Amino acid sequence: MKRLLFGLAFCAVLAFSANVEAIWNDSDLVIYYSFDKDDDKEAIDDSGNGFDAEIDGGEWSKDGQLGGAMGCDGAKTAIKTPPEIPGVTDVELTEFTVEHWVMLEALTGGVQQVWESLNAAGAWPAETFIEGPGNMTFYVYDTKGTAHRTPIPALPTKKWVHIAGTYDGKVQKSYLNGKVTGEEDWSGKTTIFASPTGAIVLCKDNEADIQYLNGFVDEFAFYTRALSEDEINADMNDGVLFAVDPREKLSTMWAGIKAGY
């Protein structure tokens with residue numbers, strides 16, 4: 001009987017290990033800035049793809065939602081990805097997800113940009129921004145020149161909230177704290193073009209030195225597929241690559257099993 005139980009437990013460990021590998025090798029996760037460490041003028045891309053971002057004017061804080069976070073001063077902070085992101089800036093996107101935690105320090109009465117990308121015409125093909133009273137919008141501009149907006153309710157100040165936007169080729173959705181807040185049916189593609197200012201810029205408008213974020217951003221992730229609501233909630237609750245290193249969880253699980261035999 002013990003052998004049978006041990007065998008079942010061993011299979012469970014193998015299944016968990018395979019699941020961990022699947023998460024750690026998610027080919028659709030293109031960029032992930034956890035901001036867990038103070039890396040001076042860089043935000044390390046924890047996806048492993050090497051798209052480290054340049055930080056201009058930001059101040060790191062150890063008090064993020066999950067680990068550290070990047071403070072944006074509302075006046076000059078910019079977090080800039082590399083100008084080109086293969087798999088993003090060289091293709092037409094039919095699916096994608098952007099998610100992050102954000103905490104507003106104050107409302108400015110104007111627009112505050114959380115992140116923004118550019119297209120060839122210098123317009124914004126995709127972005128998340130906060131308008132004067134704290135209302136937020138997930139915005140996608142398709143390749144046919146049509147704008148699509150899904151709303152997010154007014155955000156509080158000095159409180160962390162999780163924001164996500166998805167597009168699966170048929171439906172665009174916006175999320176607040178894991179719940180759908182806006183939805184629009186449309187079919188098409190969008191493009192994010194290479195840009196000297198960074199393919200994606202956090203904490204400010206990409207095409208001009210305006211619309212700066214006054215607050216903090218944490219756990220920024222960009223996927224080239226539309227995450228499900230369950231996946232978004234898992235990232236929100238556990239971290240994009242688990243809040244705790246899953247390999248450590250695996251070791252703990254295995255040690256516990258062996259201790260019982």
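The model is predicted, so local features need pLDDT of at least 70 and side-chain atom pairs count only at pLDDT 80 or more, while totals for chains, interfaces and linings use all residues. Residues are numbered from 1 along each chain as its sequence is written, and side-chain values use heavy atoms, with hydrogens and water left out.

**The overall picture**

- Of the 261 residues, 48% are buried. Here buried means under 20% relative accessible area, exposed means over 50%, and partly exposed lies in between (1.4 Å probe, protein chains only).
- Take the contacts (heavy atoms within 4.5 Å) between residues at least 6 apart in sequence: 63% of them join residues at least 24 apart.
- The accessible surface is about 12,100 Å², and carbon and sulfur atoms account for 52% of that surface. Such areas come from the Shrake-Rupley method with a 1.4 Å probe, and for residues only the protein chains shown count as cover.

**Salt bridges**

- Side chains of opposite charge can pair when their charged atoms come close.
- The structure holds 6 salt bridges, each being a side-chain nitrogen of Lys or Arg within 4 Å of a carboxyl oxygen of Asp or Glu.
- One of them joins Asp28 and Arg225, with the closest N and O atoms 3.3 Å apart. This pair links distant parts of the chain, 197 residues apart: Asp28 sits in the loop between helix H1 (2-24) and strand S1 (29-33), and Arg225 in the loop between strand S18 (214-223) and helix H2 (229-238).
- Arg225 also meets Glu231 in a salt bridge (2.8 Å, N to O).
- Asp26, Asp28, Arg225 and Glu231 are linked in a network of salt bridges.
- Lys189 pairs with Glu92, their closest N and O atoms being 3.5 Å apart. Lys189 lies in the loop between strands S15 (179-185) and S16 (190-191), while Glu92 is in strand S7 (residues 92-93), 97 residues apart.
- Lys189 is partly exposed at 35%, and Glu92 is partly exposed at 45%.

**Two positive phi angles**

- Lys158, a residue other than glycine, has a positive phi near 55°. Lys158 is in the loop between strand S12 (147-152) and strand S13 (161-167) and is exposed, at 56%.
- Glu219 also has a positive phi near 55°. Glu219 is found in strand S18 and is buried, at 4%.

Methods. Helix = DSSP H or I, 4+ residues; strand = E, 2+ residues; numbered from the N terminus.
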